[in-house]
Every structure is written in structure tokens, then in C-alpha cells.
Amino acid sequence: MKGNIARMIAVVATGSLLAVASAGAATAGTDGGKGSSNTQALAAQVLQMRDGLTKVAYTGDVAKTRADLDKLSPVLGDIAAGKRYQIQTETQKLGDLAQGRSVESSRLLADPTAKARQLPPLPVPIPSLPDLPGPLKIVSDLVKALLTAVTGILSGLLGGLPVPPLPVPPVPLPTP
């Protein structure tokens, strides 16, 4: 009898341990989505890249902004493809739109005489962010839309957890 009780307690304890261990993966997948334990690691990576891009773009550093866009674009491509990371369909679609803005911004920074392409509107509202300073003015709207889309992706990856705000530094004043 005591052996049966001990086995039942062990089964309940093991079940509780498994439930707690899988809670992180469960929060990533909601109705219509696919969850994975690496979703939190992806969210941390995307957050770091978004914050890095924000900081260099708002300092007006064209070379570093372009380098950050070149690093971010493949990650957004992975999100859009939905093969490497298992995430919600809405987040995949937003990843595709964000990647388009990243590629277009990088293309315009490489050749400022190029004409910007018309991109489809984002399905998320664009908050009022200040315009990028001087040398990045040509891609200001694209980068602001990209930052908004990446914030939306983070919201999908974090599954309802609050997304840290954009670290927009004070925009430098133009030099006389």
C-alpha cells in the first residue's frame, strides 16, 4: 500500500515538473500558431538587433546602420520562412514585410540616388517616432516602419509579455 502511494506521488511530481518545464514553449504557441522552446532565444536576439539598429540610426551613422540592417535582414528572412523557427503565421507575415523594409533601406543607403520602391503598408500602426537625422533622412520612413514591424514581431514572439520600448536617443541637432 505504501509503495502504491509513493508511486502516485512520484507520478504527480514528475507531471508537475514536466508542466513547468514546458510552460515556456507553450506560451509561444497560441491558436493558429506553432510554438518552440527557441522562440525566447529568437526574441532576445531580435530585441538586441532592434535596439542596436535604433541606436545607430538615430545617431546618423550610415555605415553602422547599413551593417545592422544587413545583420537583421537574414533573421527576418528566417522568421518569414517559418522553417528554422516555429512561430505564429501572423508573425511570419510581419517578418516578411519587415525584411522588405530592411532590404530596401539597405539598398537605398548603398545608392542614395536610387529610387525607393513602393512597399505594401504594414498591418500594425506606426507610432510617432522622430525622423532620422541628416544622412539617413532618405530612409527615415522605411526604418521607422521597420522598427515598428520588428516591435510587432517581438510582441508575437513574446506571446503577450510586454515588449521593451524603443531606445530612441535624442536626435542630434544639425551642425551649422
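Residues are numbered from 1 along each chain as its sequence is written, and side-chain values use heavy atoms, with hydrogens and water left out. Because the model is predicted, local features need a pLDDT of at least 70 and side-chain atom pairs count only at pLDDT 80 or more, whereas totals for chains, interfaces and linings use all residues.

The protein chain contains 6 helices and 0 strands, where helices (H or I, at least four residues) and strands (E, at least two) are DSSP runs numbered from the N terminus. Read from the N terminus on, the order of the elements is α-α-α-α-α-α. Of the 176 residues in the protein chain, 36% are buried, a term that denotes under 20% relative accessible area, with exposed set at over 50% and partly exposed in between (1.4 Å probe, protein chains only). Among contacts between residues at least 6 apart in sequence, 65% join residues at least 24 apart, contact being defined as heavy atoms within 4.5 Å.

Confidence is expressed as pLDDT, the predictor's confidence in each residue, from 0 to 100. The mean pLDDT of the protein chain is 78, and 76% of its residues reach 70 or more.

Two packed helices are described by the angle between their axes and the distance between the axes. Here the axes are lines fitted to C-alpha atoms, for helices over the stretch in contact, and angles run from 0 to 180 degrees between N-to-C directions. The axes of helix 3 (residues 39-59) and helix 4 (residues 62-81) come within 9 Å and cross at roughly 155°, and the two helices are therefore roughly antiparallel to each other; angles over 145 degrees fall in this class, while those under 35 count as roughly parallel, 65 to 115 as roughly perpendicular and the rest as oblique. Residues that make the contact include Leu-42, Val-46, Met-49 and Leu-53 of helix 3, together with Leu-69, Leu-72, Val-75 and Ile-79 of helix 4. By class, this contact has 10 nonpolar, 3 polar and 3 charged residues, with Ala, Val, Leu, Ile, Met, Phe, Trp, Tyr, Cys and Pro taken as nonpolar, Asp, Glu, Lys and Arg as charged, and the others, Gly among them, as polar.

Val-46 is found in helix 3 and, at 0% relative accessibility, counts as buried. The C-alpha atoms of Val-46 and Val-75 are separated by 7.8 Å, although the two residues are 29 apart along the chain. Not counting residues up to four places away in sequence, Val-46 touches Val-75, Ile-79, Val-150, Leu-154 and Leu-157.

Helix 4 also packs against helix 5, at an angle of about 155° and with the axes 8 Å apart, which makes helix 4 roughly antiparallel to helix 5. The crossing of helix 4 and helix 5 is left-handed, and among the residues that make the contact are Arg-66, Leu-69 and Asp-70 of helix 4 and Ser-102, Ser-106 and Ala-110 of helix 5. This contact of helix 4 with helix 5 has 10 nonpolar, 10 polar and 3 charged residues. Ser-106, placed in helix 5, is buried, with a relative accessible area of 10%, and its contacts, leaving aside neighbours within four places in sequence, are with Arg-66, Leu-69 and Asp-70. Ala-63 of helix 4 is exposed at 57% relative accessibility; Ala-63 and Ala-110 lie 47 residues apart in sequence and 9.2 Å apart in space, C-alpha to C-alpha.

The axes of helix 5 (residues 89-110) and helix 6 (residues 140-158) come within 9 Å and cross at roughly 155°, which makes helix 5 roughly antiparallel to helix 6. Helix 5 passes helix 6 in a left-handed crossing, and the contact involves residues including Leu-94, Ala-98 and Arg-101 of helix 5 and Leu-146, Ala-149 and Ile-153 of helix 6. By class, the contact of helix 5 with helix 6 has 10 nonpolar, 6 polar and 2 charged residues. In the loop between helix 5 and helix 6, Thr-113 is exposed, with a relative accessible area of 70%.

Terms used:
A crossing is left-handed if the near helix is turned anticlockwise from the far one by less than a right angle, and right-handed if clockwise.
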